[in-house]
Amino acid sequence: MWPAICSKSGALDLFLQKKGAFYQNKSFWSNEPMVHIVPHWNFEGLEGKDILVTVYTNCDELELFLNGNSLGKKLIEKYGHGEWNVPYTAGALEVKGYINGEIVVTDKRITTGKPVALKLTLDNDFEVNGRDIALFTCVCVDANGNVVPDASEYVSFSVNSPAVIVGTGSDNCDHNNVANNDRKMYMGKIRVAVKPANNQKCLKLSAFSDNCAGDIIKIDL
């Protein structure tokens, strides 16, 4: 539905970024113990208001903590998930997953500071054959190096020749050309697709914004 340019359902968005449904599916099909908290924990201005916290898991019991205080345990049926209505207080939200009464896995969300710097990471393996695409994610971090999940920086990207940036993406409602080298973050992320040239020896992707320190990632090929 307008202004979305694709369906908002599914496990991955248009730019291959994982959504909550990805972790729900993982809880159905993976035997490795897992827990995943949705959403983030940056809700300045909503102090005291209930936030629905969902935890996807394949464990049989969950316990949620806010700033070290237990919000209670819940038994989780097979293919089920945990839900809590949590009055928002800044700090740390942590879940512990139990199997047969023993803690086997945890997940945590923390309230971050303001974004101060960009950070680039490489997301995939690729071959330098003139066809493969290297996928990068750009995020913001705060002064302590924590990823800021609700950052909305406008970022410009460049790459060393002869490699080319073939696309950038963030919000499924962003109607700017996918081929643009400039993009506004959505939920703290931008995906960047780069095509290295055949037999290129070094790949260097740069990210800049007006409000945050930039970042450069260099990969010897």
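**Close-up 1. Trp41 in its buried spot.** Trp41 is buried, and its relative accessible area is 0%. This is a predicted model, and a search through the whole of it turns up five aromatic pairs. One of them joins Trp41 and Tyr88: the ring centres are 5.0 Å apart and the planes meet at 65 degrees, so with the cut-off for edge-to-face at over 60, that is what this pair is. Trp41 sits in the loop between strand S1 (35-38) and strand S2 (50-57), while Tyr88 sits in the loop between strand S5 (81-87) and strand S6 (92-99), so the pair ties together parts 47 residues apart in sequence.

**Close-up 2. Tyr88 and its partner Phe43.** Tyr88 is buried too, with a relative accessible area of 2%. Its ring also pairs with Phe43, centres 5.8 Å apart and planes at 80 degrees, so this pair is edge-to-face. Again the pair links distant parts of the chain, 45 residues apart, with Phe43 in the loop between S1 and S2. Phe43 has 18% relative accessibility and counts as buried because the cut-off is under 20%. Put together, Trp41, Phe43 and Tyr88 make up one aromatic cluster.

**Close-up 3. Lysines over rings.** Lys74 lies over the face of Trp84, 4.9 Å from the ring centre. Lys96 has its charged end over the ring of Phe65, at 4.8 Å from the centre.

**Close-up 4. Stepping back to the whole chain.** The protein chain has one helix and 15 strands. Of its 221 residues, 43% count as buried. Among contacts with a separation of 6 or more, 62% come from residues 24 or more positions apart.

Methods. Residues numbered from 1 in each chain as written. Predicted model: local features only at pLDDT ≥ 70, side-chain atom pairs only at ≥ 80, totals over all residues. Heavy atoms only, no water. Helix = DSSP H or I, 4+ residues; strand = E, 2+ residues; numbered from the N terminus. Buried < 20%, exposed > 50% of the residue type's maximum accessible area, 1.4 Å probe, protein only. Contact = heavy atoms within 4.5 Å. Phe/Tyr/Trp six-rings, centres within 6.5 Å; stacked < 30°, edge-to-face > 60°. Lys NZ or Arg CZ within 6 Å of the ring centre and 35° of its normal.
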